[in-house]
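This briefing covers one protein chain and is grouped by topic. Please view the sequence and the structure together with the notes that follow.

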Amino acid sequence: MQLTVWTYEGPPHVGAMRIATGMTDVHYVLHAPQGDTYADLLFTMIERRNHRPPVTYTTFQARDLGSDTAELFKSSLQGAYERFQPSAVLVGASCTAELIQDDPAGLAKALALPVPVVPLELPSYQRKENWGAAETFYKLVRTLCANSPTDRDRGEGRRPLCNLLGATALGYRHRDDVEELKRLVTAMGIDVNVVAPLDASVADIARLAAADFNVLMYPETGEPAARWMERNLGQPYTKTIPIGVGATRDFIQEVAALADLPSNILPDLEPPRLPWYSRSVDSNYLTGKRVFIFGDATHAIAAARVADEEMGFQVVGVGTYSREQARDVRTCAERLGVDALITDDYLDVEEAISTLQPELVLGTQMERHIAKRLGIACAVISAPVHVQDYPARYSPQMGFEGANVLFDTWVHPLVMGLEEHLLGMFRDDFEFNDDAVPSHLAESGAVARPAAAANQTRPDNVDTACETVMEPGWTNDAEAELKKIPFFVRGKARRNTEQYSRDRGIETITLETLYDAKAHFGR
């Protein structure tokens with residue numbers, strides 16, 4: 001366990017909470033001290049859920065450690081069952097309670113509740129949130145499907161059946177992705193048997209075995225269960241994640257093969273707009289943009305393919321915090337000819353972004369903060385995310401509509417070509433030049449400051465007498481040449497040139513200095 005200001009994943013019991021909260025009739029009894037109840041806010045505040053997670057905490061305090069905390073767990077479990085009447089109960093311990101070794105599994109078994117009780121052993125000091133969610137879903141499937149029949153009658157007239165696996169509470173656009181894939185497979189002539197664990201009941205989990213195959217939506221949370229069902233229930237599962245136009249087409253072919261449908265099947269859906277938008281005149285301006293990608297493995301790998309093959313971007317870095325899927329990310333990075341960054345330390349990610357200096361960052365809310373601080377455009381593609389990334393509108397990432405959403409989301413932070421052409425056309429206009437006051441402030445008496453002066457402003461608390469580093473000045477010719485650089489990279493060019501000058505003791509930046517700095521950083 002690492003002490004940090006930011007973390008990409010919570011402890012594994014938060015993953016178990018995501019499974020319990022996503023389901024309809026499961027209750028989670030968590031042996032935990034008072035402070036661990038913070039996790040409720042993830043669902044009510046961040047995801048905007050209108051009810052608390054179905055979790056009962058034992059909430060022991062320091063004074064309870066000298067008495068019988070095991071008895072406290074048993075009474076909490078019995079009370080939770082009598083109050084909520086769940087169809088199944090999960091029991092486990094948080095990272096703090098794990099240290100006192102009260103054995104929630106054995107204590108729950110001794111109560112002999114009349115519903116299935118699934119004990120969770122989640123090593124909080126070795127594993128993290130996504131692993132905890134995957135392990136919890138796997139344990140539920142294994143417990144509730146152990147005696148399910150495996151013979152499936154594909155009688156005449158019965159359409160193929162599939163399950164959609166992996167969507168959870170607090171997942172990034174999971175609810176919208178489920179709806180998009182339902183539309184897609186239904187248009188192919190396939191019925192959805194169960195979506196799990198999101199919105200599934202205990203009875204739904206028990207009838208997972210009725211499907212002909214499984215659609216694995218998110219390997220981070222669903223792959224262990226999918227593999228168990230393949231081995232024990234004879235259900236194959238999909239390997240392609242349908243994020244992006246190319247991946248969605250590959251997914252359709254894979255699903256058609258599993259469902260014994262014609263390989264040339266074309267779902268009756270509105271075609272995606274992303275391919276034409278990416279080929280349009282305006283979007284050609286985006287070709288070659290340098291992009292850095294970081295997130296969970298599923299979304300990072302998918303984003304790398306879309307960026308490289310469908311958007312015309314140049315991927316300069318790709319990475320993940322999902323150590324369980326690190327091999328897949330390394331394979332993706334090798335295909336793109338870049339180094340894979342496997343880390344759960346945001347400082348490593350910040351260092352990589354600072355070094356690579358991309359023009360666009362695709363990442364989590366942490367990369368959004370990093371990119372904002374570095375003055376780089378950013379779009380969010382993966383959890384962890386903040387409240388604004390749970391929009392009220394329909395906004396999937398998967399399927400053809402998801403591809404449209406990706407295009408809009410990624411292009412939005414970048415200035416489009418037509419806008420840049422107009423800015424160039426009016427660059428010397430009295431109202432639109434760099435030093436002009438915005439028109440809505442013209443009558444307020446505000447005075448524009450030259451860009452060079454603005455960049456040399458010092459904080460009030462800096463003792464100028466103690467400064468040893470002189471900020472280089474700019475000649476008029478160099479300043480005029482700098483203004484010819486598109487404004488969205490002009491700041492970066494100014495910073496690089498000034499850094500180049502400081503490193504070499506150059507006090508005045510001339511045209512030659514500007515070109516030398518460009519050549520130096522362009523290597």
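The buried residues of H9 pack against helix H6 (174-187), strand E7 (213-216), helix H10 (274-279), helix H11 (297-310) and helix H15 (399-411). Helices (H or I, at least four residues) and strands (E, at least two) are DSSP runs, numbered from the N terminus. Buried means under 20% relative accessible area, exposed over 50%, and partly exposed in between (1.4 Å probe, protein chains only).

The model is predicted: local features need pLDDT of at least 70, side-chain atom pairs count only at pLDDT 80 or more, and totals for chains, interfaces and linings use all residues. Residues are numbered from 1 along each chain as its sequence is written, and side-chain values use heavy atoms, with hydrogens and water left out.

**Whole chain**

- The chain holds 20 helices and 14 strands.
- Of its 523 residues, 51% are buried.
- Among contacts (heavy atoms within 4.5 Å) with a separation of 6 or more, 72% are between residues 24 or more positions apart.
- The accessible surface (Shrake-Rupley method, 1.4 Å probe; for residues, only the protein chains shown count as cover) is about 25,300 Å², and carbon and sulfur atoms contribute 51% of that surface.

- The buried residues of H9 are Val245, Gly246, Ala247, Thr248, Phe251, Ile252, Glu254, Val255 and Ala256.
- Aspartate 260 is not a glycine, yet has a positive phi of about 55°.
- Aspartate 260 is classed as exposed because its relative accessible area is 64%.

- Glutamate 220 sits in helix H8 (residues 219-233).
- Glutamate 220 is buried without a salt bridge, and the nearest side chain of opposite charge, arginine 18, is 8.3 Å away. A salt bridge is a side-chain nitrogen of Lys or Arg within 4 Å of a carboxyl oxygen of Asp or Glu; Lys and Arg count as positive and Asp and Glu as negative, while His and the chain ends are not counted.
- A polar atom of the glutamate 220 side chain lies 3.1 Å from the backbone nitrogen of alanine 297.
- Beyond four places in sequence, glutamate 220 is in contact with residues including Asn130, Asp296, Ala297 and Gln325.
- Glutamine 325 is in the loop between E9 and helix H12 (326-336). With a relative accessible area of 11%, glutamine 325 is buried.
- Leaving out residues up to four places away in sequence, glutamine 325 touches Pro219, Glu220 and Ala297.

**Glutamine 314**

- Glutamine 314 is in strand E9 (residues 314-320) and is partly exposed, at a relative accessible area of 41%.
- Residues up to four places away in sequence aside, glutamine 314 touches Gly288, Lys289, Arg290 and Val291.

**Backbone geometry elsewhere**

- The peptide bond from alanine 196 to proline 197 is cis, with omega near 0°; proline 197 lies in strand E6 (residues 191-197).
- Alanine 383 and proline 384 are also joined by a cis peptide bond, with omega about 5°; proline 384 is in the loop between strand E12 (377-380) and H15.
- Aspartate 199, in the loop between E6 and helix H7 (202-206), is not a glycine but has a positive phi of about 65°. Aspartate 199 is partly exposed, with a relative accessible area of 45%.

Technical notes: Polar contact = N/O pair within 3.5 Å; in protein donor to acceptor, adjacent residues only side chain to side chain.
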